[in-house]
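Subject: Structure for you to look over

Hello,

I am handing over the structure we spoke about. The notes on what was found come after it.

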Amino acid sequence: MREGDEDREGDAVPASGTDSAASETAATGVPATRRNRLRSAGLWGAIGGFAFLVAAQGYLLTGGSFPFGYAWLFGLAAVVVAAAGTLAYLTEHRIARRGAKRRT
């Protein structure tokens, strides 16, 4: 392999003209290890929490009001983070398996 033929993770990138099995392995993405699934679920939880806070801020900017203060709003956002992260962790393997079925 030539110098500079490595991707971000440090794994070797298959050279052009290699067999299709190696390119299929590279096309499937990162292996679904526990650490990667936890990281993915945490990121989806953060996305859910921030989306909730953006929606709440939009509601407040359009003239709405909440019957509770900002501390409760951030507490509710933490609940959304936990729920979204848990849901992402529990369903990720099912979605990945379904996508693999459709590719074949």
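In what follows, two residues are in contact when heavy atoms of theirs lie within 4.5 Å. Please keep in mind that this is a predicted model.

Overall picture. The chain has three helices and zero strands, and from the N terminus the order of elements is α-α-α. It has 104 residues, of which 11% count as buried. Taking contacts between residues at least 6 apart in sequence, 56% of them join residues at least 24 apart.

One residue to look at. Arg 37 sits in helix 2, which covers residues 34-61. Arg 37 counts as buried because its relative accessible area is 18%, and the cut-off for buried is under 20%.

What does Arg 37 contact, leaving aside its neighbours within four places in sequence? The partners are Ala 32, Tyr 89, Glu 92 and His 93.

Although Arg 37 is buried, it has no salt bridge. The nearest side chain of opposite charge belongs to Glu 92, at 4.1 Å, while a salt bridge calls for a side-chain nitrogen of Lys or Arg within 4 Å of a carboxyl oxygen of Asp or Glu. Glu 92 is thus listed as a contact of Arg 37 but not as a salt-bridge partner.

Regards

Key: Residues numbered from 1 in each chain as written. Predicted model: local features only at pLDDT ≥ 70, side-chain atom pairs only at ≥ 80, totals over all residues. Heavy atoms only, no water. Helix = DSSP H or I, 4+ residues; strand = E, 2+ residues; numbered from the N terminus. Buried < 20%, exposed > 50% of the residue type's maximum accessible area, 1.4 Å probe, protein only. Lys, Arg positive; Asp, Glu negative; His and termini not counted.
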